[in-house]
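Please look over the sequence and the model shown here, and keep both at hand while reading the report that follows.

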Amino acid sequence: MNITPLADRVLIKPTAAEEVTLGGIIIPDSAKEKPLRGTVEAAGLGTKDEEMVLKAGDTVLFGKYAGTEIELEGEKYLIMRQSDVLARID
């Protein structure tokens with residue numbers, strides 16, 4: 001399935017949550033933090049007021065409650081506005 005975000009939205013694949021701490025303790029699913037980092041999979045074209053500065057392949061940081069979670073072909077993604085992205089990691 002091919003998905004293209006509209007306007008100023010981006011499709012982000014969150015990074016996997018840590019499963020083991022540095023000390024070797026296994027973290028159960030119920031205690032894992034929601035990832036705050038991910039990779040842009042697709043981006044819209046922007047709007048007349050806001051130019052799209054993100055592109056596919058960018059690694060980004062986003063807010064804890066940002067975006068809408070969707071599932072495509074068994075994979076979890078977030079779709080959010082470009083303004084919900086806090087920073088791009090180079």
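## A side chain that reaches the backbone

In this predicted model, the side chain of Q82 reaches the backbone nitrogen of V53 at 2.8 Å, and the side chain of Q82 also reaches the backbone oxygen of E51, here at 3.1 Å. Both are polar contacts, a term for a pair of N or O atoms within 3.5 Å, where within protein one atom must be able to donate a hydrogen and the other to accept it, and where residues adjacent in sequence count only if both atoms are side-chain atoms.

Q82 lies in the loop between strand 5 (75-81) and strand 6 (85-89), where strands are DSSP runs of E with at least two residues, helices are runs of H or I with at least four residues, and both are numbered from the N terminus. Because its relative accessibility is 7%, Q82 counts as buried; buried means under 20% relative accessible area, exposed means over 50%, and partly exposed lies in between, with a 1.4 Å probe and protein chains only. When neighbours within four places in sequence are left aside, Q82 is in contact (heavy atoms within 4.5 Å) with D8, E50, E51, M52, V53 and L54.

Residues are numbered from 1 along each chain as its sequence is written, and side-chain values use heavy atoms, with hydrogens and water left out. As the model is predicted, local features need pLDDT of at least 70 and side-chain atom pairs count only at pLDDT 80 or more, while totals for chains, interfaces and linings use all residues.

## The sheet

The chain has 0 helices and 6 strands, and along the sequence its pattern reads β-β-β-β-β-β. An open sheet of 6 strands has the order 4-5-1-2-3-6, with antiparallel pairing, where two strands pair if DSSP finds at least two bridges between them. Strand 4 and strand 6 are the edge strands, each pairing on one side only.

Within the sheet, strand 2 (residues 37-43) pairs with strand 3 in the antiparallel sense over 3 bridges, and R37 stands opposite L61 in strand 3.

## The nonpolar core

The largest nonpolar core has 11 residues, namely V10, I12, V40, M52, L54, V60, F62, A66, L78, M80 and V85. Strand 1 (9-14), strand 3 (59-62) and strand 5 each supply at least two residues of this core. Such a core is a set of buried Ala, Val, Leu, Ile, Met, Phe, Trp, Tyr and Cys residues joined through side-chain atoms within 4.5 Å.

A7 is placed in the segment before strand 1, and A7 counts as partly exposed because its relative accessibility is 31%. E73 is found in the loop between strand 4 (68-72) and strand 5, and E73 counts as exposed because its relative accessibility is 67%.

## The chain as a whole

Of the 90 residues of the chain, 26% count as buried. Among contacts between residues at least 6 apart in sequence, 64% join residues at least 24 apart.
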